[in-house]
Amino acid sequence: GDVSPPPSTVIGHTKTLAKVTFNPSVVEQTRIARNGILGDFIIRYDVNRELSVGDVQILNGYFVHYFAPTDLPPLPKNVVFVLDSSASMVGTKLKQTKEALFTILQDLRPEDHFNIIGFSNRIKVWQQDRLVPVTPNNIRDAKKYIHNMSPTGGTNINGALQTGAKLLNDYIAQNDIDARSVSLIIFLTDGRPTVGETQSSKILTNTKDAIRDKFCLFTIGIGNDVDHKLLERMALENCGMTRLFQEDEDAASHLKGFYDEIGTPLLSDIRVDYPEDDVEQVTQNFFPNYFNGSEIIIAGKLINRTSDKLHVEVTASNSKKYILLKTDVAIDLPSRNDIRGVPGLEDGKGDNNYIERAWSYLTIKELLNSRLKSDDIQEKDNLMEKAKSMALAYNFVTPFTVLKMKEAGLHSEPPQEELISPSTDGIGEKVQSLQGHKAPPGIRRGQDKQRIKISKTSADGDPHFVIDFPSSKFSVCFNIDGEPGDILRLVSDHKESGVTVNGQLIGAPAPPNGHKKHRTYFSTITILSNKPERSYLEITPRRVILDDGERLVLSCGRSAVVRSRSLEVSISAFSNITVTIRDSISFVILIHHYKKPAPYQRNHLGFYISNSKGLSSDSHGLLGQFLNHEVKLLQESLNTSHLEAGQNQTEALKANPTNTLKVKGRLVPVVWKQRRIYNGQQEVSCWFAKNNADKLIDGSYKDYLASHPFDTGTSFGTINSL
């Protein structure tokens, strides 16, 4: 219960770095324990986390990339528990296993599915040929089944795993399971195979053939009699991880802790890419799953030392959504990553490139894991030599090196070579331990340079509206002088295409000597769609909230792409957001950020329609009503008769201070005007309708006020909610 650090612990940290040193004197050691220190030195820490590419640190030609997002909806699980109930489990081991399983079952989520297999020399399946959903009755019955398990017989590891793999494979094949769900087997035993197939190499082959990379296997060993190497290799070969608990330990809490590490999958199929011309010797960069509370770490060497930035892309799946995150990381930032001169971080030993050490540590870990999985003697020897050489160069203790201690002064010598039986025990325990592999070469230089396409049809600024009529070769514009807090219907097509766009206004003081009492800007754009399934987006200058039954929050300061079956959201950091619905409707929202805003300026949004093909002819709203209608330009003569102006007469009409538009039988006086769009980068010439677009729009401006951001008014002047 004591949360204070043990004696001699020194913690030095900056905003982006922390270094913990534990160097107790003999006196301090005796204060901790009379017979010397024997135990775990545990460091608990967390970092600022959001859905982004993570944190990339670069120093002296090496980089390390930490990826640990949070606040994501958990993925559904399909899990089979395979539990040893042989005679050797009698007593405390089986009792603690049952206690842990009771708690684990209670933690399953309603969207999960599960089954339980008990095995000794016989194999007993709780629910034949299926996985059951998590319901109160099923959890109750599962607890009864576990409670009634009794230890007897031998240990048929091969048969139990074959049964579990077949059960899970059949369930995946025969059921319309969620495409993004995570399937896994959790296997627990306290012994070695004694019944059925007992040869480790054949059990490994049979297990890999049965699983076929369809799901992951997590193995747990209890006690000293377990074949730890077999469990470890089974997990490594099937994208899982293993844990070994001693018999006298509190197995129940350890089992629950292990399950907590893998019980909340947040992402699947995570791939991290860097330009292949910029990096080399990159460690594992593909991971089948990412679990809440874990951390994915990738490291590598830079080969393009002249570049001033490193491009990073992370792709992953979350529930029904595909996610792409990307950013450029500045390379020349020594002040951010250099620990020299920082109190508590400078150890005076010249070992300041901790990033290079992180790369070597991960590389050694991968070499040891590869050696363990290999059946080729020559390959195993080569991998051992590489790991040993790197361990000696970077002073790491491994299964092939030993740390010698000097009595006098208690100083340690660098690790030296020692040949002992190989094991990866303790190598990289608490990083994201799922064994993935190197993904194929990813980003090529020059990729992802496409520019967004935007039409002139938009609502931006104060807010200024522009409608483009390409066939008439002119544009029409108008202003809406709303009140702060007003919510304007921009596009209303809920009945047909299922799409609604609303924009909420924020107020600001008017510039001095102006004719307005105040300014208004769009602070929030809300996009709603109910076909083929319900979803909505809430966009502000700082963040995007996507909710299609599961809520996802994205920062506008991070480039990202999220794709589901009918919706894609693409964020260009601090610039724009593109929303594509069913590949036939596209909106672009520009982000206006002021570094030093004047009193009359506010961070705000601009709304642009890029593709309206998927909107129906009945579409309405301040912009939507014009998408499928044309207007005619008339010249008003002195005797009030009207002359229709052809397309080639538009230029001649500009000189006339007053002209008239014919819109749905209404005559609208307009004047020629120029205004800036696209963040002020372009100027558009347009016919301007005064007085809040009087007669240009159907009804009056107040008919377009929504009652709340998610109001989907199904027809002009009516109110509904999605």
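How are the bonded cysteines of the chain paired, if they are numbered in sequence order? The pairing is 1-2, 3-4. I will come to each link in turn.

Some ground rules come before that. This is a predicted model, in which local features need pLDDT of at least 70 and side-chain atom pairs count only at pLDDT 80 or more, while totals for chains, interfaces and linings use all residues. Residues are numbered from 1 along each chain as its sequence is written, and side-chain values use heavy atoms, with hydrogens and water left out.

Disulfides, then. The structure holds 2 of them, a disulfide being a pair of cysteine sulfur atoms within 2.5 Å. One is formed by Cys216 and Cys239, with sulfur atoms 1.9 Å apart. This pair links distant parts of the chain: Cys216 is in strand S10 (residues 216-222), and Cys239 is in the loop between helix H6 (228-237) and strand S11 (242-245), 23 residues away. Helices (H or I, at least four residues) and strands (E, at least two) are DSSP runs, numbered from the N terminus. The torsion about the S-S bond of Cys216 and Cys239 is -110°, a left-handed link. Both Cys216 and Cys239 are buried; buried means under 20% relative accessible area, exposed means over 50%, and partly exposed is in between, with a 1.4 Å probe and protein chains only.

The other disulfide joins Cys477 and Cys686, whose sulfur atoms are 2.0 Å apart. Here the torsion about the S-S bond is about 75°, so this disulfide is right-handed. Cys477 is in strand S22 (residues 474-479) and Cys686 in strand S38 (residues 682-689), so the link ties together parts that are 209 residues apart in sequence. Cys477 counts as buried because its relative accessibility is 0%, and Cys686 is buried too, with a relative accessible area of 0%. Cys556 is also buried, at 1% relative accessibility.

Next, the aromatic rings. A pair of aromatic rings is described by the distance of the centres and the angle of the planes. In this model there are 15 aromatic pairs. Rings of Phe, Tyr and Trp (its six-membered ring) pair if their centres lie within 6.5 Å; planes under 30 degrees apart are stacked, over 60 edge-to-face, and the rest tilted. Phe22 and Phe41 make a stacked pair, 4.7 Å centre to centre with 20° between the planes. Phe22 belongs to strand S2 (residues 18-22), and Phe41 to the loop between helix H1 (26-32) and S3, 19 residues apart. Phe22 is partly exposed at a relative accessible area of 29%, and Phe41 is partly exposed at 39%.

The pair of Phe469 and Phe626 is edge-to-face, because the ring centres are 6.4 Å apart and the planes are at 90°. Phe469 is in strand S21 (residues 464-469) and Phe626 in the loop between strand S33 (604-611) and strand S34 (632-636), 157 residues apart. Phe469 is buried, with a relative accessible area of 2%, and Phe626 counts as buried at 4% relative accessibility. Tyr62, Trp359 and Tyr394 form one aromatic cluster.

On to the strands. An open sheet is made of 4 strands in the order S3-S4-S15-S13, with antiparallel pairing. Its edge strands, S3 (55-59) and S13 (279-280), each pair on one side only. Two strands pair if DSSP finds at least two bridges between them. S4 (residues 62-67) and S15 (residues 296-302) pair antiparallel over 6 bridges, and Val64 has Ala299 in S15 as its bridge partner.

Further along, S23 (residues 487-493) and S24 (residues 499-509) run antiparallel, joined by 6 bridges. Their hairpin has 5 residues between the strands, and Gly498 in it takes a positive phi near 85°. Arg489 has Asn502 in S24 as its bridge partner. S24 also pairs antiparallel with S25 (residues 518-529), over 11 bridges, where the partner of Asn502 is Thr526.
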